[in-house]
Amino acid sequence: MNVQVFDDVLPDPLAYRSAALARQFQTVDVGAVFHGIAVCGDDPTLPAWMADRFGLPSLLSFFRQSPEGQQEPNYIHTDCDMGEWTAILYLTPNPAPGDGTTFWRHIPSGRIATETGATSEANLKEVLAWRDLSQWEPWRTVDARFNRLLVFPSPYYHSRALKQNYGHGETARLIQVLFGAGVLPQEPVCL
């Protein structure tokens, strides 16, 4: 179970957060509708951190602001259609109690990660199972902490720990998401 947590990742997380909040957050429709998305553009900070520690290239990065009550396309999900690994940087200085990321086990199969692939017919059936919470049990939750980075294989079933999100404006949940290519080693490489 390759879930890795790193604290105090950025040297000046408050300035980084301020720069993130200055970006334009918008709704993105990619077949599913995602609210509160701001592209990172050419900011190399987190991709460079991942490359230095793991030697892996990044594919896509964005900031996500999630106020209380924001509608989300899926609660339990995988990121297997986005890359081979996912990194989440928590950027809320005082996250709500219980905030973080929860990893799930599919009770009928015992799986903690998808084996269906991102575009297969089996994957479409699996997406329907994501919506039936009685089929799932949590196996780990990583608490949100300001300037904490969570890294894990993208096929893992996961969700935000607080289903309804929290806060409004600058108190809303703020994260940076990074997707990348390559097999995530059990331990950082530190090139």
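Buried means under 20% relative accessible area. Keep that cut-off in mind as you tour this structure, which is a predicted model.

**Stop 1**

Begin by selecting Y16 and F63. Are these two buried or exposed? Both Y16 and F63 are buried. Now turn to F6 and W49. F6 is buried, and W49 is buried too.

Go back to Y16 and F63 and show their rings. They make an aromatic pair of the edge-to-face kind, with 5.9 Å from centre to centre and 65° between the planes. The pair links distant parts of the chain, since Y16 sits in helix α1 (residues 13-21) and F63 in strand β4 (residues 58-66), 47 residues apart.

How many aromatic pairs are there in the model? The count comes to ten aromatic pairs. One of them is formed by F6 and W49, again edge-to-face, at 5.1 Å centre to centre and with 70° between the planes. This pair also connects distant parts of the chain: F6 belongs to strand β1 (residues 4-6) and W49 to helix α2 (residues 45-54), 43 residues apart.

Before moving on, select F103, W139, F152 and Y156, which form one aromatic cluster. Then find Y75: K163 lies over the face of its ring, at 5.2 Å from the ring centre.

**Stop 2: helix α1**

Colour α1 and pick out P13, Y16, R17 and A20, which are buried. Seen down the axis of α1, the buried residues fall within an arc of 100°, so they line one face of the helix. What covers them? Look for α2, β4, β5 and β10, which are among the elements covering the buried residues of α1.

**Stop 3: helix α2**

Next, select α2. Which residues here are buried? They include L46, W49, M50 and F54. These residues cover an arc of only 95° around the axis, which puts them on the same side of α2. The cover over the buried residues of α2 includes β1, α1, β5, β8 and β10. Follow the chain out of the helix and you reach G55, which comes after α2 and has a positive phi, near 70°.

**Stop 4: strand β8**

Select strand β8 (residues 148-153). This strand is mostly covered, and six of its six residues are buried.

Now look at the neighbours of β8. β1 pairs with β8 in the antiparallel sense over three bridges, and Q4 has V151 in β8 as its bridge partner. Strand β5 (residues 85-90) also runs antiparallel to β8, joined to it by six bridges. Among these strands you can find T86, whose bridge partner in β8 is F152.

**Stop 5: the nonpolar cores**

Select W49, M50, L89, L91 and L149. They have the most contacts inside the largest nonpolar core, which has 23 residues. α1, α2, β5, β8 and β10 (173-180) each supply at least two residues of this core. Which element gives the largest share? That is α2, with four residues.

Now centre the view on L91. Leaving aside neighbours within four places in sequence, L91 is in contact with L10, Y16, R17, F63, F146, L174, I175 and Q176. A second, separate core has 17 residues, including F103, I112, V142 and F179.

**Stop 6: strands β3, β4 and β10**

Show strand β3 (residues 33-39) with β4. They run antiparallel and are joined by three bridges. Here A38 stands opposite F63 in β4. On to β10, which pairs with β4 in the antiparallel sense over eight bridges. Select S58 and find its bridge partner in β10, G180.

**Last stop: G180**

Zoom in on G180, which lies in strand β10. Is G180 buried or exposed? G180 is buried because its relative accessible area is 0%. Not counting residues up to four places away in sequence, G180 touches P57, S58, L59, G83, E84 and W85. To finish, draw a distance between the C-alpha atoms of G180 and L162: these two residues are 18 residues apart along the chain, and the atoms are separated by 25 Å.

Notes
Residues are numbered from 1 along each chain as its sequence is written. This is a predicted model: local features need pLDDT of at least 70, side-chain atom pairs count only at pLDDT 80 or more; totals for chains, interfaces and linings use all residues. Side-chain values use heavy atoms; hydrogens and water are left out. Rings of Phe, Tyr and Trp (its six-membered ring) pair if their centres lie within 6.5 Å; planes under 30 degrees apart count as stacked, over 60 as edge-to-face and the rest as tilted. Buried means under 20% relative accessible area, exposed over 50%, partly exposed in between (1.4 Å probe, protein chains only). A charge sits over a ring if NZ of Lys or CZ of Arg is within 6 Å of the ring centre and within 35 degrees of the ring normal. Two strands pair if DSSP finds at least two bridges between them. A nonpolar core is a set of buried Ala, Val, Leu, Ile, Met, Phe, Trp, Tyr and Cys residues joined through side-chain atoms within 4.5 Å. Contact means heavy atoms within 4.5 Å. The arc is that of the directions from the helix axis to the C-beta atoms.
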